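Have a go at each one before you read the solution.

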Amino acid sequence: MPFLGYALYGGVEILNELRTYVYAQRAGLGMMCTPCEGLGPALGSPTYTTPKADRAPWYDPHFPESQRVIGFLGMDMTGFNSTAARTPTEAVGDGAVNGPLRMAGRQMHLTFAALALDECALNYAYGWLAHVLKGSACQSNECSGLTLCLFSCCPQDDYADIPGQRNRYLRHFMDVGLMEGPNQIGLTGGQAGGSGGNSSLTAGGAGGTSGASAVTTLSGASTDGCQGFGRARGGGAVATGFEFTLSAGKPWAYADSIRVVAATKFVKGTKITNFDPDAQREQCEQQMREGPKCEDNPHCPFPPGVPKVPVPVDRCYPARPYAAWRQIHTISPLAIPRKAEGVPNIEFNTDSTPLENTLIRFYQNLQGRDCETHPIDPCTACAELFIPWLPSNATITIDSRAQKPVARCRQRDPRERFITTSQRVNLIGPGGTSFRWPVFPCGSGFCVEIVTSQQVTVRTPVGQSRRVDIDVNSDFEIGYVARFDAI
């Protein structure tokens, strides 16, 4: 079970036990415990006073009752176990043939308690939560979903001499969407709850049309964090429960990205006069055809294999050599997690000129050797990514968590600097074939090869094409994102 004291959905904070604790104290509600001590530092040590002064996520000046919402308390979260599944096929004889192991979709069931100073504020809290959970109509998230962020446990610094480790406990679930709810439930009779464990909730008699109850006790037997609220200390409040179900299209729990290659300028690499990735691939295939082979039985050779179906090549893949900048970086095995598979997170920043024919290759480096002094063989690349065009004045993110490459282009006119646009980025696989998102199954070291054209084609103000050198300010950085099958 994840930590029940904090949740961020689609960039909106829907649960924060520290915020709720402060507002409850000011409302005269006694707390049965104190919040997780590491939550505040993990969130940047915010100072909370009132929903209006803090501009709480639910606060809206058009609805006065929004400032009388105390907050939400996480009561239960289920559906965070591994979704690995395999379907065996029974053989004609004895036994069966195991099918491939795959990760099924993930469904998460969450239970919250909402607290407010009166019935009007409580009904507003319900409407606000329902609106946030369905997603913003201003975003194209109808199919792809949003991101749900949770902590796997109460965040803390594990070592006094290595501060800032709390975000290592943050987990991201991608392509998340609402399946059902939120539905109101009563706060009596063995509901699960508390931060970090199971709880039973009790409240006063039912009141109002919403089925809410006056808060006398809201408690739980949790292992850490806020268990609930005790009897009011001169203040009064009402509470109700909500339950809802979210579905994650990507079943993995992703950790934060670990930067393994810092921002690097392309022009600091090595110049290559005639770089031809297609010729390199043909040489690799020729080596496989002409390499050492086992002898066939001369009396009864095996019949020839079925000819391979030709694979179409993307029309944007370069058909001729080009002058390029080339860099090689070493990622030490000590720089990435050892016991979790991972995916890359790559970010490009371009300035006044675009980038053309950019190639990224990953090579396993088990010994952690210096990749620049030990030549790498293009035939041994474990993952390859080719990007024919990266627009100018843009930040391009290739996020293997969401599996969506996006370019956010900045307005060139400084008077309109706040205007940005987005567009998709074309990704091509090895040799111009279809691209597959790479996954590194074990935490070994890597060599990373980055190649891009020295010159690109741009349009002049009169519409003519000309070749120019890439801008010296164009750079990139690479991160490594560990992913887990469960929290």
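**Exercise 1.** Work out which pattern the disulfides of the protein chain follow.

*Solution.* Counting bonded cysteines along the chain, the pattern is 1-2, 3-5, 4-6. A disulfide here is a pair of cysteine sulfur atoms within 2.5 Å. The structure holds three disulfides.

Before going on, please note that this is a predicted model, where local features need pLDDT of at least 70, side-chain atom pairs count only at pLDDT 80 or more, and totals for chains, interfaces and linings use all residues. Residues are numbered from 1 along each chain as its sequence is written, and side-chain values use heavy atoms, with hydrogens and water left out.

**Exercise 2.** Find the handedness of the link between Cys284 and Cys379.

*Solution.* Start with the bond: the S to S distance of Cys284 and Cys379 is 2.0 Å. Next, take the torsion about the S-S bond, which is about -95°, so this disulfide is left-handed.

**Exercise 3.** Describe the disulfide of Cys36 and Cys154.

*Solution.* First, the sulfur atoms of Cys36 and Cys154 are joined at 1.9 Å. Second, the angle about the S-S bond is 80°, and the link is right-handed. Finally, both Cys36 and Cys154 are buried.

Key:
Buried < 20%, exposed > 50% of the residue type's maximum accessible area, 1.4 Å probe, protein only.
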